[in-house]
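Me: Can you walk me through this protein? I'd like to go piece by piece and ask questions as we look.

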Amino acid sequence: MNRRDFLKTFAASLAMGTVSGISNVVAGESWKKEFSIALKEKPWLLGYEGISGHDFGVTALTQKGQLPDDLRGVLYRNGPAQHVVGDMRYHHWFDGDGLVNAFRFSEDGVTHQGRFVRTAKFQSEAKAGHAIEQGFGTALLSLRSPSNNDALNVANINVITHAGELLALWEGGSAYRLDPDTLETLGLKTWSADTKGLPFSAHPRKDANGTLWNFGYATSFGALIVYQIAADGTLKNVDLIKLPYSSMVHDFMITEKYLVFILPPFHYDTSRQGSFLDHFEWYPERGGVALVIDKNDSSKVQEIEIPAFWVFHFANAYDEPDGSIAFSCPIYRTPNIMTQGFRNVMRGREISSLGSRFMSARLHPGKRSFTYEEVPEAAASEFPRIDDRRQGVRARFSFLMKSSGELSHAGFDRICRLDQKAGALTFYQFGAQEQAEEHVFVANPRSDQEGQGWLVGTSLDYNRQRTSLNVFDAEKPENGPIARFEAAFPLPFGLHGNFVPTGS
Ligand SMILES: [Fe+2]
């Protein structure tokens with residue numbers, strides 16, 4: 001099938017796969033009760049409680065410490081936030097409707113605003129007063145099987161800016177355009193007529209020349225759609241890459257020469273029942289595959305066998321002079337944290353442990369070899385970020401959220417700076433009742449040195465029921481926050497965000 005025919009067929013069908021309701025799940029209503037009972041015993045569940053679909057107006061946050069003069073702009077964050085619709089509580093953390101938060105930095109301090117993305121799903125369910133569509137991990141019989149990808153789209157994973165547009169990203173469908181000043185939803189983003197409605201994943205990567213690379217995985221078709229978008233926002237190219245098997249792919253890597261995809265042995269099986277997530281099965285004995293695609297000629301695709309591991313996010317990737325590709329990331333023995341942990345937490349049960357290890361790996365496309373070593377000091381970490389000026393080239397520093405193991409649950413209580421050259425990890429530990437989320441690196445505009453800038457992100461003090469925005473010196477996180485801005489309310493735990501400097 002050629003590209004045009006494929007896109008036509010694809011757009012007319014459900015790219016995420018066939019999903020059917022199942023009866024062997026406990027009704028959503030009982031999960032709601034179970035969660036509210038558990039919350040009384042386990043205050044750390046607060047970040048997973050969710051809110052009804054109300055927006056947050058602009059409020060000034062209470063400041064402690066000094067905001068650096070050169071740190072001006074907006075931190076946008078996105079995440080699942082409405083977990084109960086009508087009487088039904090979702091069965092997976094990833095199902096909640098996306099709430100985009102804006103933390104605006106000025107000489108007067110930091111303000112917060114939050115607004116739900118008005119997806120088609122959010123709007124129709126708000127109007128009806130009950131859940132209508134299935135979710136990524138929720139497939140009750142009372143819910144409708146999706147007719148297309150965007151029927152389940154909750155726009156809840158990431159938020160980026162490109163070519164002046166603010167985009168709320170999901171994984172299985174279109175991006176949603178938002179007004180950067182008001183957070184109002186403007187509608188679905190369409191890159192071109194023949195890519196309308198196709199999956200556009202939540203972790204695009206930007207080259208040094210401003211080109212935005214992204215992908216979408218087309219489960220039913222065993223293919224990847226690869227997007228190349230110019231700095232001015234025009235779609236330069238879209239390619240279809242046939243996969244050896246349909247896997248779940250959350251993030252990818254770019255180097256100067258290649259696009260690199262890791263396909264964990266998490267196989268999509270059309271014969272399985274239940275939600276989209278339920279259609280995947282873990283086959284560790286089959287091992288995984290790394291796909292290395294030439295950026296300048298997407299017909300040059302190499303498949304390299306790799307061991308079985310699950311991965312959500314990558315820190316850094318780059319080309320070595322010997323032709324190999326070096327990369328680093330947290331990995332897991334299985335995807336259990338997603339298949340079980342983020343289900344359990346929705347009914348108030350424990351996520352036993354994060355269980356990630358940190359891998360420094362090397363792929364050699366010419367030799368078809370893969371080697372790796374563990375970085376033990378970075379075990380139990382997630383949400384790796386780098387100085388984004390080093391995307392695709394060697395980065396010395398990664399910034400990670402880590403679990404000390406001292407919490408009663410698998411939350412993050414450390415923010416870390418990993419120096420891979422020196423093999424050293426420094427960190428700040430949050431308070432005992434505080435769970436931290438992704439912190440992003442913001443470059444100091446006065447310096448072009450890697451790692452000189454700030455780490456900016458949120459944490460929830462579940463005892464005091466307040467969310468704070470934290471600012472660390474990225475070179476010395478161990479010194480603790482240089483400034484903190486506290487909201488008078490808790491925000492639901494989110495996923496990813498990005499900082500947009502003023503004037504950029
Ligand atoms: Fe992610």
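Me: How do strand β31 and strand β32 pair, and over how many bridges?

Reply: They pair in the antiparallel sense, over 8 bridges. Strand β31 covers residues 453–461, and strand β32 covers residues 466–473. One thing to keep in mind: this is a predicted model.

Me: Which residue in β32 stands opposite Asp 461?

Reply: Arg 466 does.

Me: New topic, the metal. Which residues are the protein donors of the iron ion?

Reply: Four histidines: His 203, His 250, His 313 and His 496. Each one uses its NE2 atom. They lie 2.0 to 2.2 Å from the iron ion.

Me: What kind of geometry does the site have?

Reply: It is irregular. The angles among the 4 donor atoms of the iron ion run from 92 to 162 degrees. A tetrahedral site would need all angles between 85 and 135 degrees.

Me: What spacing do the donors follow along the chain?

Reply: The spacing is H-x46-H-x62-H-x182-H.

Me: Where do His 250 and His 313 lie?

Reply: Both lie in loops. His 250 is in the loop between β15 (235–242) and β16 (253–254). His 313 is in the loop between β21 (297–306) and β22 (317–319). The pair therefore ties together parts that are 63 residues apart in sequence.

Me: Is His 250 buried or exposed? What about His 313?

Reply: His 250 counts as buried, at 12% relative accessibility. His 313 counts as buried too, at 6%.

Me: OK, charges next. How many salt bridges does the whole structure have?

Reply: A search finds 26. Side chains of opposite charge can pair when their charged atoms come close.

Me: Which residue does Asp 278 form a salt bridge with?

Reply: Arg 343. The closest N and O atoms are 2.7 Å apart. This pair links distant parts of the chain, 65 residues apart. Asp 278 sits in the loop between β18 (266–268) and β19 (280–282), while Arg 343 is in helix α5 (residues 336–344).

Me: Buried or exposed, those two?

Reply: Asp 278 is buried, and Arg 343 is buried as well.

Me: What does Glu 281 meet in a salt bridge?

Reply: Its partner is Arg 272, at 2.5 Å from N to O. Glu 281 is partly exposed, with a relative accessible area of 29%. Arg 272 is also partly exposed, at 27%.

Me: And which residue pairs with Arg 385?

Reply: Asp 388, at 3.8 Å from N to O. Arg 385 is buried, at 13% relative accessible area. Asp 388 counts as partly exposed, at 37%.

Me: Now Asn 149. Where is it found?

Reply: In the loop between α4 (120–128) and β8 (158–162). Asn 149 is buried, with a relative accessible area of 3%. Its side chain reaches the backbone oxygen of Gly 172 at 3.3 Å.

Me: Last one: is Gly 405 buried or exposed?

Reply: Exposed, at 62% relative accessibility. Gly 405 is in the loop between β27 (397–402) and β28 (414–419). Its C-alpha atom is 8.1 Å from that of Ser 353, which is 52 residues away along the chain.

Technical notes:
Residues numbered from 1 in each chain as written. Predicted model: local features only at pLDDT ≥ 70, side-chain atom pairs only at ≥ 80, totals over all residues. Heavy atoms only, no water. Pairing = 2+ DSSP bridges. Helix = DSSP H or I, 4+ residues; strand = E, 2+ residues; numbered from the N terminus. Buried < 20%, exposed > 50% of the residue type's maximum accessible area, 1.4 Å probe, protein only. Polar contact = N/O pair within 3.5 Å; in protein donor to acceptor, adjacent residues only side chain to side chain. Donors = N, O, S within 2.8 Å, 3.2 Å for Na, K, Ca; no water. Tetrahedral: all angles 85-135°; square planar, octahedral: opposite > 155°, others 65-115°. Salt bridge = Lys/Arg side-chain N within 4 Å of Asp/Glu carboxyl O.
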